[in-house]
Amino acid sequence: MAADFRSLLKENMRNADTGERWFEDFDIGGVFYLSIQASTLHASTPAELLEDVNAYEAFQVTLQTKQGVFICGKRGAWDNLLQYDWLSLFQEDGPIIREAENVPASVVQRIFEDVSATVSAHPESLIKKGLQLM
């Protein structure tokens, strides 16, 4: 089991007046950005600014492919994730981004671990320099 994602969250911005906070995205193997957020601005449970990230029951999660990643076909980064039941929680917001609201912390942990393992198992998702289509 990988480290608890909550212990890896790094606060990037906070506005205590509005209850807004942003955590830095995780760069997973150069293939995905994984954004895990919780505050008054996000679809988290509770939807408020808590000091202890372990007190959140659910988080807003965004998964986005990085530039230079195959997004469809046999080597497509999204196709490599089809085996996971949690993928159905995400709504497609364009070809490179998926968003999910109020994802339970235990499921966020699985997403973090599964995406990391999948990227390690499928290095072909990255377009090699010199092979990119212009």
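This is a predicted model: local features need pLDDT of at least 70, side-chain atom pairs count only at pLDDT 80 or more; totals for chains, interfaces and linings use all residues.
Residues are numbered from 1 along each chain as its sequence is written. Local features need pLDDT of at least 70, side-chain atom pairs count only at pLDDT 80 or more, and totals for chains, interfaces and linings use all residues.

The protein chain has a mean pLDDT (the predictor's confidence in each residue, from 0 to 100) of 91. A value of 70 or more is reached by 92% of its residues. Residues 130-134 fall below 50. Beyond near neighbours in sequence, this stretch has two contacts (heavy atoms within 4.5 Å) in the model.

Two helices and seven strands make up the secondary structure. These are DSSP runs, numbered from the N terminus: H or I of at least four residues for helices, E of at least two for strands. The order from the N terminus is α-β-β-β-β-β-β-β-α. Among contacts with a separation of 6 or more, 55% join residues 24 or more positions apart. The C-alpha atoms fill a box of roughly 50 × 30 × 25 Å along the principal axes.

Helix α2 covers residues 105-121. Buried positions in α2 include A105, V108, I111, F112, V115 and V119. The buried residues of α2 pack against α1 (5-8), β3 (26-28), β4 (32-37), β5 (58-65) and β7 (97-104).

Key. Side-chain values use heavy atoms; hydrogens and water are left out. The expected span of a helix is 1.5 Å times one less than its number of residues. Buried means under 20% relative accessible area, exposed over 50%, partly exposed in between (1.4 Å probe, protein chains only).
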